[in-house]
Amino acid sequence: MNTKLPKRFVLVLLSIVTALSLCGCARMSKKSSDLGYDPETDVLCMDKNTVSFRELSVISYLLWESLTAQYNDVYTNPAKVFAPAFSDSEMTLETYIKEYGLYKELMMLTAFSVRFDTENALSKAEENEVEAEALAFYNTRILPQKTDATTSAAPEMAGPKPSETSEDTRRLSVSLSSGVTLEDCKHVFTMYKKARKQQAVLRKAANLVISDEEVRVVDCGIVKSSSETAIRKFEADLKKGNDFFMLAESSGINELENTQFAVMRSDDFPEIIMDTIMELDEKKTSSVIEYNSAFYIVTVIDKFDEALSAKNRERMLEIMVNDYYEKECATYIDRAKVYFNREGWEAFELFR
């Protein structure tokens with residue numbers, strides 16, 4: 001049975017947050033009774049909220065599943081996306097995913113679910129959603145594994161063993177720790193629900209400070225020529241009623257790679273060109289603009305492309321929300337009591 005898992009915030013693996021460096025967390029003490037964690041079973045304790053190694057395996061499974069889904073449309077084996085970066089390095093793919101992906105997910109997930117607890121509470125309906133999601137995960141991912149473990153081993157199939165297959169080509173599968181319980185699943189899914197709600201608050205705050213002008217995308221045409229004579233002739237032909245794009249193509253005047261552009265404020269065009277594009281009315285064409293020994297003419301097709309502007313807003317929101325998330329997480333962790341089981345973390349196996 002296939003179960004659709006809830007949407008989760010998935011952190012970009014290639015970003016390294018210095019503020020969340022592993023060096024910032026203390027090694028777990030063996031004297032654990034007064035701090036609420038067990039160094040034999042727990043990987044993290046933040047303000048007396050613990051995450052066990054069983055729960056860590058569920059988090060890693062969900063993270064890898066989300067990352068795999070992101071690349072499945074393009075790559076047959078998503079693991080190959082990352083593997084080439086380590087061909088000349090001592091760092092393995094597993095180490096990279098753990099240290100720069102799973103660690104960040106673990107810390108941020110815990111920090112924001114703990115912070116949510118101090119300010120809010122899940123509704124009964126949300127608690128029911130969490131229970132349903134956790135039960136579906138347990139029934140489809142955990143129970144089959146438990147069943148397999150109790151049956152006799154199947155005869156070994158012919159072909160190379162996993163250890164004989166190179167890491168960059170074999171399809172990796174994240175391990176789920178033995179002994180994972182339904183309560184472990186509920187705890188993890190509850191943390192994700194709380195973190196997503198906290199993210200929604202940040203997203204709303206970020207959206208309020210992004211203006212329409214900042215996200216505006218203008219659909220326009222730009223022609224550039226180093227010849228004033230040629231650009232003046234182009235301008236004269238436009239005034240006779242010739243189509244901007246057809247004329248640009250037939251005359252071969254344009255020294256830019258393209259003639260039509262979707263332009264936003266952050267694009268790398270000269271300021272005078274950007275100002276002209278942003279100020280020009282729809283369906284209007286500029287006069288000749290001279291800049292840095294070159295000559296330009298621009299025309300505006302759509303002064304505010306709604307579809308492209310909406311996509312640009314989403315892009316800016318993601319960047320801003322992730323930035324907020326990282327900064328607020330770092331601030332929280334800075335003042336929280338955090339105990340990280342480094343020895344247990346290093347022994348934890350991500351892939352099987």
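User: Let me start at the surface: is K240 buried or exposed?

Analyst: K240 counts as exposed, with a relative accessibility of 67%. The scale calls a residue buried under 20% relative accessible area, exposed over 50% and partly exposed in between, using a 1.4 Å probe and protein chains only. Before we go on, this is a predicted model, so local features need pLDDT of at least 70 and side-chain atom pairs pLDDT 80 or more, while totals for chains, interfaces and linings use all residues. Residues are numbered from 1 along each chain as its sequence is written, and side-chain values use heavy atoms, leaving out hydrogens and water.

User: Which side chain does K240 meet in a salt bridge?

Analyst: Side chains of opposite charge can pair when their charged atoms come close. The rule here asks for a side-chain nitrogen of Lys or Arg within 4 Å of a carboxyl oxygen of Asp or Glu. K240 meets D237 this way, at 3.8 Å from N to O. D237 is buried, with a relative accessible area of 13%.

User: How many salt bridges does that rule give?

Analyst: The count comes to 17. One of them pairs E328 with R115 at 2.3 Å, N to O. E328 lies in helix α10 (306–335) and R115 in helix α3 (93–119), so this pair ties together parts that are 213 residues apart in sequence. Helices (H or I, at least four residues) and strands (E, at least two) are DSSP runs, numbered from the N terminus. Both partners are partly exposed: E328 has 25% relative accessibility and R115 has 21%.

User: What about D323 and K327, and how far apart are they in helix α10?

Analyst: An α-helix has 3.6 residues a turn, so residues three or four places apart point the same way. D323 and K327 are four residues apart in α10, which is about one helical turn. Their salt bridge has its closest N and O atoms 3.3 Å apart. D323 is partly exposed at 31%, whereas K327 is exposed at 54%. Elsewhere, salt bridges that share partners join E99, R342 and E346 into one network.

User: At what angle do the axes of α3 and α10 cross?

Analyst: Two packed helices are described by the angle between their axes and the distance between the axes. Axes are lines fitted to C-alpha atoms, for helices over the stretch in contact, with angles from 0 to 180 degrees between N-to-C directions. The axes of α3 and α10 come within 10 Å and cross at roughly 75°. That makes α3 roughly perpendicular to α10; the classes are roughly parallel under 35 degrees, roughly antiparallel over 145, roughly perpendicular from 65 to 115, and oblique for the rest. Residues in contact (heavy atoms within 4.5 Å) include M108, F112 and R115 of α3 and Y325, E328 and Y332 of α10.

User: In what order do the four strands of the open sheet run?

Analyst: The order is β5-β4-β7-β6, with antiparallel pairing. Two strands pair if DSSP finds at least two bridges between them. β5 (260–263) and β6 (289–291) are the edge strands, each pairing on one side only. The twist from one strand to the next averages 40°. β6 and β7 (294–302) run antiparallel and are joined by three bridges, and I289 stands opposite Y296 in β7.

User: Which helices pack on this sheet?

Analyst: Helix α7 (228–239) touches β4 (218–225) and β7, with its direction at about 30° to that of β7. Helix α9 (271–279) lies across β4, β5, β6 and β7, at about 25° to β7.

User: How many residues are in the largest nonpolar core?

Analyst: There are 53, with V43, L44, M46, L106 and F137 touching the most other members. A nonpolar core is a set of buried Ala, Val, Leu, Ile, Met, Phe, Trp, Tyr and Cys residues joined through side-chain atoms within 4.5 Å. Elements supplying at least two residues each include β2 (42–46), α4 (124–150) and α10, and the largest share, 12 residues, comes from α3. Apart from this core lies another, of 15 residues, among them I222, F261, I289 and Y296.
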